[in-house]
Amino acid sequence: MPSRLAYRWFVQGLAVALASFVSASMQAQVLGPAQRITGLQAPIGTRLPAAWPGATLQGIDNVLQRSLALTRSVQIDALLRKEGRRVDVDPQGAPILRGEFLAMSLSGAALDAVLAQGFSKERDVSMDAMPELGFVVLRDTRHRRAEEAMHVLRQTAPAATFAYQHLYLPAGIIEATGETSSSAMASPNPAKRVGLIDGGIDTADSALAHAHIEQHGCTVPKPSRHGTAVAARLVDGGSYTLFASDLWCGDAVGGATSQLVEALAWMAHEHVPVINISLVGPDNPLLARAVQTMLARGHVLVSAAGNDGPAAPPLFPAAYPGVIGVGGVDAQGRVLPESASGDQVAFCASGVVGNGRNALRGTSFAAPIVARKAAQWMQAPDPDASAQVLKHLIGEVRALHASGRDPRCGYGVLSP
């Protein structure tokens, strides 16, 4: 009997396939030697889900393990199936850490009242670089449904701000971890400092040979395929100083809101001017505040727009005002059918790494191209300089339409 995942994949696949067909028809795109399903490219020979003849559940698992541009829905289903004891979803279906909540402006009597309702204080997070973003991590000791627990929190302390501990997912391939193999606008930036918030990176990768790497987030760094591929595109073999924050540390569950915010605070402390975030997820009040703070201080944030297709709702942090959201194109400059669309997309860049069965694809790999270009023009965080960076990038694009900004690629396509 086909699993719930197989049926959901089939239904979702129909919707995404229709959107992709319309997009492809409008842009005269030709599918390569592969079948596109559910917003991803499955190599020939991979058996399709149960809705197609000859499919097997094992075949679905194989696709999940080798997927090239998974939609968030499929990623979430796989995460719930494998880590259901630790992962839950909020009322909108976004993944969260089970039983964990974030609180801002919660102290004194309000905190005591919350604790009396069956919550424990896991930790109090204060950040020297951004003291205005202090927050408390709470755990529901009564194991209530996420929506019910959130209702209790808001009723008990209405003056505080509460958020789910959302999980942000890679906008490209599934994470694959393993042991690490080694320990002003007047002119382009000679220092070339750039930040990466992602999975771990393999510092022995040849593409990173000339980069000086500062790592954050893990006691023992754990490389991931996604993080390493994004880092390689970010430095492009150059002599950058790369500030890399790992939100997974080899764990299958990572990318939590609190980790993402703490990574941004580290980047602020290190005065990293341009930061690449190839992760996507829902709007979250704590993340929104962190992003606003970073932008106000003159950091440039570049983020993948997501791989849920042109009809999908906006994903964050790319959709926050001021963040440079990036979509993906193929080697011929054609927009990837799975690439997000809308006002949150400022530019497109190549979203395909390599070729053949081992190729990677997704907006994750387009964003670092834009971030690298931005880093060429930023020596340090500066609000005036960050505005000039956007103008400089706009001056480099190949516009898709003479009439101006395009919903698929914003201002246009930036070459590698």
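Predicted model: local features only at pLDDT ≥ 70, side-chain atom pairs only at ≥ 80, totals over all residues.
Q: Which residue is the bridge partner of Ile 277 in strand 14?
A: Strand 12, residues 274-277, pairs with strand 14 in the parallel sense, and four bridges join them. Among the residues bridged in this way is Ile 277, whose partner in strand 14 is Ser 303.

Q: How many bridges join strand 15 to strand 16?
A: Strand 15 pairs in the parallel sense with strand 14 over three bridges, and there Ala 304 has Val 326 of strand 15 as its bridge partner. Towards strand 16, the bridge partner of Val 329 is Ser 350. Strand 15 and strand 16 likewise pair in the parallel sense, and the number of bridges is five.

Q: Which residues of strand 15 point the other way from Ile 324, Val 326 and Gly 328, and are they buried or exposed?
A: In a regular strand the side chains alternate between the two faces of the sheet. Strand 15 is mostly covered, with six of its six residues buried. Ile 324, Val 326 and Gly 328 point one way, and the residues that point the other way, also buried, are Gly 325, Gly 327 and Val 329.

Q: How are helix 7 and helix 8 oriented to each other, roughly parallel or roughly antiparallel?
A: Two packed helices are described by the angle between their axes and the distance between the axes. Helix 7 (residues 257-269) packs against helix 8 (residues 285-296) with the axes 9 Å apart and at an angle of about 15°, and helix 7 passes helix 8 in a left-handed crossing. Because angles under 35 degrees count as roughly parallel, the orientation of helix 7 and helix 8 is roughly parallel.

Q: What distance separates the C-alpha atoms of Ala 268 and Gly 298?
A: Ala 268 has its place in helix 7, and with a relative accessibility of 6% Ala 268 counts as buried. Along the chain Ala 268 and Gly 298 are 30 residues apart, while their C-alpha atoms are separated by 9.9 Å.

Q: Why is helix 9 described as largely enclosed by the rest of the structure?
A: The buried residues of helix 9 include Arg 372 and Lys 373, and also Ala 367, Pro 368 and Ile 369. Helix 9 spans residues 367-375 and is largely enclosed by the rest of the structure because the number of its nine residues that are buried is nine.

Q: Is the ring pair of Phe 316 and Tyr 320 stacked, edge-to-face or tilted?
A: The model has five aromatic pairs in total. In the pair of Phe 316 and Tyr 320 the ring centres are 4.6 Å apart and the planes stand at 50°. Phe 316 is buried at a relative accessible area of 16%, and Tyr 320 is buried at 8%. Planes under 30 degrees apart would count as stacked and over 60 as edge-to-face, so the pair is tilted.

Q: Which residue does a cis peptide bond join to Phe 316?
A: The omega of this cis bond is about 10°.

Q: Over the ring of which residue does the charged end of Arg 405 sit?
A: The charged end of Lys 192 sits over the ring of Tyr 240, at 4.8 Å from its centre. For Arg 405 the distance from the ring centre is 4.5 Å, and the ring belongs to Tyr 411.

Q: Is His 143, with its positive phi, buried or exposed?
A: His 143 is not a glycine, yet its phi is positive at about 55°, and it is found in the loop between strand 6 (135-140) and helix 5 (146-156). Exposed means over 50% relative accessible area, and His 143, at 71%, therefore counts as exposed.

Key. Residues numbered from 1 in each chain as written. Heavy atoms only, no water. Helix = DSSP H or I, 4+ residues; strand = E, 2+ residues; numbered from the N terminus. Buried < 20%, exposed > 50% of the residue type's maximum accessible area, 1.4 Å probe, protein only. Pairing = 2+ DSSP bridges. Phe/Tyr/Trp six-rings, centres within 6.5 Å; stacked < 30°, edge-to-face > 60°. Lys NZ or Arg CZ within 6 Å of the ring centre and 35° of its normal. Axes fitted to C-alpha atoms, helices over the stretch in contact; angles between N-to-C directions. Parallel < 35°, antiparallel > 145°, perpendicular 65-115°, else oblique. Left-handed = near helix turned anticlockwise from the far one by under 90°.
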